[in-house]
Amino acid sequence: MIRRQRLAAGVCALLAALTAGLAFPAGAAADETEQAAPKVELVLDVSGSMRTRDIDGGTRMAAAKQAFNEVLDATPEEVELGIRTLGANYHGDDRRTGCKDTAQLYPVGPLDRTDAKTAVATLSPTGWTPIGPALLKAANDLNGGDGARRIVLISDGEDTCQPLDPCEVAREIAAKGIGLTIDTLGLVPDAKTRDQLSCIADATGGTYTSVRHKEELSDRVGDLVDRAADPVVTPVATEGAAECAKAPALKSGLYTDREEFGQPRWYKVDLNPGQELRASVSVADDRAVHPDYGVLLRAVTLHGREIVRGEAAGDGRTDVISTGLRYPRPRSDDEDATAETVCLQVTNSFSAAAGVKTSPGLPLELTVDVVDGPSHAADVAAFGLGRGWWLLGALVLAGFIAGLLWGWLSRWRVAVWRTN
């Protein structure tokens, strides 16, 4: 009995110490310089189904126009905004022609609210739903510049211009590494529309929202436009190599890449004596994959010796899996000490479901942070506990003493009970 109580106390102390010590900060260096003007393009479905009256007693088109007018009034001055339509101009039944029906209603640039509202007022539900072609054109509309770029797609139905799958189009846009986010809103969506719009948003790190009321639509579009004006760290597109010798050299920052299923990607970081490398990686399953997967991040020397690793596993319940590592390089008394090249290897164990395309690869986001290391090598112990070892030792000792006292008190109480 007494031994069990002592063991339990020690285990509790150990768990508490591990919880307190294992966490570590992993940040990326934010670009504090003045950023270019953010760009947003609103892409509106003007197909025939937008005539349907099921949003607060009015048509879907009327709700969209009201939302646009309210958003145009509230758009921040620093945001360059444009409007593109799909299905707004062709009235016929020829599919090939209808699937080319996308046009820029208002060009991306400094906003003239009166002109933009006048252009929106002319819209009338007409034709097909070429979402894929519209997204390609919208990406070109936002091309160029270094500021944040966002597409806000509002639609009430599936794309009617297959086989150009809009989800694949979104993945191709994301694979270009231009930092463009697509947010989608579904007006009274059915299951198929919801799945398609969710897939488009997931492919670029955007959001999907189901909308059934005019107020919801206005608020959500306004929030997304305002979000574009928020300061952001723009990821830098990079391309990892199949081996460390050919890997790109990275500095502190946030990077994006694409990783094939089960294939490693290599990157290099130079580390001077007394510096610490902090790296983290996230891999997103932006398409249907089998459950039970993982991601491994390793830091190794140029000669292939592993220094430290971080790994994580998933079971299909999350869309992103992440892990990280820390490596402090000891200080040196040698003034001629040179930088050490640390190789970072990212490997995943995702596998695609049957019939799912494996190209382009899975979106990968890598954070690299090179900071001044601890004053002494002893300040950082194995498992990333750092000074947490002192806390661990104190808690284990406290648990041991508490177990002894509890055992002594228990024996004393039993002795008193027997005497009485």
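The largest nonpolar core has 32 residues, and the ones that touch the most other members are Leu-42, Leu-44, Ile-154, Leu-185, Leu-217, Val-221 and Val-225. (A nonpolar core here is a set of buried Ala, Val, Leu, Ile, Met, Phe, Trp, Tyr and Cys residues joined through side-chain atoms within 4.5 Å; buried means under 20% relative accessible area with a 1.4 Å probe, protein chains only.) Among its suppliers, H2 (60-74) gives the most, with seven residues. Helices (H or I, at least four residues) and strands (E, at least two) are DSSP runs, numbered from the N terminus.

One heads-up: this is a predicted model, where local features need pLDDT of at least 70, side-chain atom pairs count only at pLDDT 80 or more, and totals for chains, interfaces and linings use all residues. Residues are numbered from 1 along each chain as its sequence is written, and side-chain values use heavy atoms, leaving out hydrogens and water.

Now for the sheets. Six strands make an open, mixed sheet in the order S5-S4-S1-S6-S7-S8, where pairing takes at least two DSSP bridges between two strands. S5 (102-109) and S8 (208-211) each have a single partner strand, so one side of each lacks a neighbour in the sheet. Inside, S1 and S6 run parallel over six bridges, with Lys-39 partnered by Arg-149 in S6.

The other open sheet, also mixed, has five strands ordered S10-S12-S17-S14-S15. S10 (249-250) and S15 (306-314) are its edge strands. S14 (293-300) is antiparallel to S15 through eight bridges, and Val-300 sits opposite Glu-306 in S15.

Terms used. Buried < 20%, exposed > 50% of the residue type's maximum accessible area, 1.4 Å probe, protein only.
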